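Here are some notes to go with your first look through this one. Keep the viewer open and follow along point by point.

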Amino acid sequence: MIILRGRVMTTLVSSGIDGFDELVGGGFPAGKNIVVTGGPGTGKTIFSLQFIIMGILKYNEKGIFVTTEQSIPDIKRDALSFGWNLTAFEEQDKLRIINATPAIIPSVSKKEYVISEPHQLLGYLSFSPEDILSLIHDKRREINATRVAVDSLTHLMLYEENLFKARVNILRLINSLKSTNVTILSTAERMGGYSQGVYEIIPYVADGVVNLYMLREESRKIRACEILKMRGVKHSMDVVRMTITNEGIRVYPNEKIALEPGKLIYI
């Protein structure tokens with residue numbers, strides 16, 4: 001979709017999330033980096049995978065899904081519960097999944113972290129933004145992908161103790177992918193509603209930030225989402241209800257949730 005804002009034409013990419021695009025004026029700005037943050041169990045992985053799969057199913061856009069936490073068999077099994085056959089998409093050259101989870105191998109002087117999925121020509125690569133980028137670019141060129149999801153940035157940063165270097169690594173990863181004009185959706189962990197330590201940098205280097213929440217009102221649990229920022233488009237400032245169905249995530253843009261002190265709490 002292309003929209004005209006003043007004299008600037010903005011190409012929008014659908015999120016693939018039912019109801020969500022109404023919150024961002026029709027979709028994400030193409031070629032931008034969007035980060036989805038949330039605590040455990042809020043739906044970050046499903047959101048990022050749905051972005052890739054709906055791109056394939058509805059818009060004929062090929063995608064790359066990068067996992068730094070779960071194994072590929074686990075991801076494929078979970079996806080089937082929503083009716084998404086990832087293996088079939090791979091065989092059709094519409095999808096590539098990169099297993100970038102870390103593995104330990106002994107080196108000459110110490111244990112070394114490497115990417116679990118070895119490169120077909122270079123063998124095992126180090127668990128670093130540079131080598132993960134190399135794999136992503138290889139797969140992107142292989143199928144001409146226009147969507148990339150990384151689940152998650154948080155896990156990439158766990159292995160870097162230096163704050164400055166962690167920031168540089170994340171910026172390098174994001175800027176390298178943006179230079180190819182793909183739309184990137186990444187996930188990041190948020191505890192208790194706020195990022196901690198080195199992870200605070202993630203919202204600041206993103207073009208858009210989507211917060212997912214798990215809330216509790218007495219004995220009732222409520223899922224919700226909000227747009228913290230979205231460069232290039234006007235967006236809703238409301239916290240709205242969200243559910244996870246057997247077809248994926250669904251957002252209800254007209255069902256606002258008031259985060260009143262003492263009424264709803266983060267869990």
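1. Start with helix H4, which covers residues 129–143. Its 15 residues reach 21 Å from the first C-alpha to the last, close to the 21 Å expected at 1.5 Å a residue. Bear in mind that this is a predicted model. The buried residues of H4 are Pro129, Ile132, Leu133, Leu135, Ile136, His137, Lys139, Arg140 and Ile143. After the helix comes asparagine 144, with a positive phi near 60°.

2. Aspartate 138 is partly exposed, at 26% relative accessible area, while arginine 141 is exposed, at 53%.

3. Now look at helix H1, residues 44–59. It has 16 residues and spans 22 Å between its first and last C-alpha, close to the 22 Å expected at 1.5 Å a residue. Most of it is covered, with 12 of the 16 residues buried; among them are Phe47, Leu49, Phe51 and Ile53. Just past H1, asparagine 60 has a positive phi too, of about 55°.

4. In general, nonpolar side chains tend to be buried together in soluble globular proteins.

5. Leaving aside residues up to four places away in sequence, tryptophan 84 touches Ile46, Leu49, Gln50, Ile53, Met54, Ala79, Glu247 and Gly248.

6. Is strand S6 enclosed or open? Five of its five residues are buried, so S6 is largely enclosed by the rest of the structure. Leu95, Ile97 and Asn99 point one way from the strand, and Arg96 and Ile98 point the other way. S6 pairs with strand S5 (residues 63–67) in the parallel sense, over five bridges, and glycine 63 stands opposite leucine 95.

7. Asparagine 99 belongs to S6, which runs over residues 95–99. Why does asparagine 99 count as buried? Because its relative accessibility is 15%, and the cut-off for buried is under 20%. The side chain of asparagine 99 makes a polar contact of 2.6 Å with that of threonine 101.

8. Salt bridges next: the structure holds 14 of them. In one, the side chains of arginine 147 and glutamate 61 meet at 3.1 Å, N to O. Arginine 147 is in strand S9 and glutamate 61 is in the loop between H1 and S5, 86 residues apart, so this pair links distant parts of the chain. Arginine 147 counts as buried, at 0% relative accessibility.

9. Another pair is aspartate 238 with lysine 256, the closest N and O atoms being 3.5 Å apart. Aspartate 238 lies in the loop between strands S12 and S13 and lysine 256 in strand S14, so the bridge ties together parts 18 residues apart in sequence. Aspartate 238 is partly exposed, at 30%, and lysine 256 is exposed, at 59%. Finally, have a look at Asp18, Lys58 and Arg250, which are linked in a network of salt bridges.

Terms used:
Residues numbered from 1 in each chain as written. Predicted model: local features only at pLDDT ≥ 70, side-chain atom pairs only at ≥ 80, totals over all residues. Heavy atoms only, no water. Helix = DSSP H or I, 4+ residues; strand = E, 2+ residues; numbered from the N terminus. Buried < 20%, exposed > 50% of the residue type's maximum accessible area, 1.4 Å probe, protein only. Polar contact = N/O pair within 3.5 Å; in protein donor to acceptor, adjacent residues only side chain to side chain. Expected span 1.5 Å × (residues − 1). Contact = heavy atoms within 4.5 Å. Pairing = 2+ DSSP bridges. Salt bridge = Lys/Arg side-chain N within 4 Å of Asp/Glu carboxyl O.
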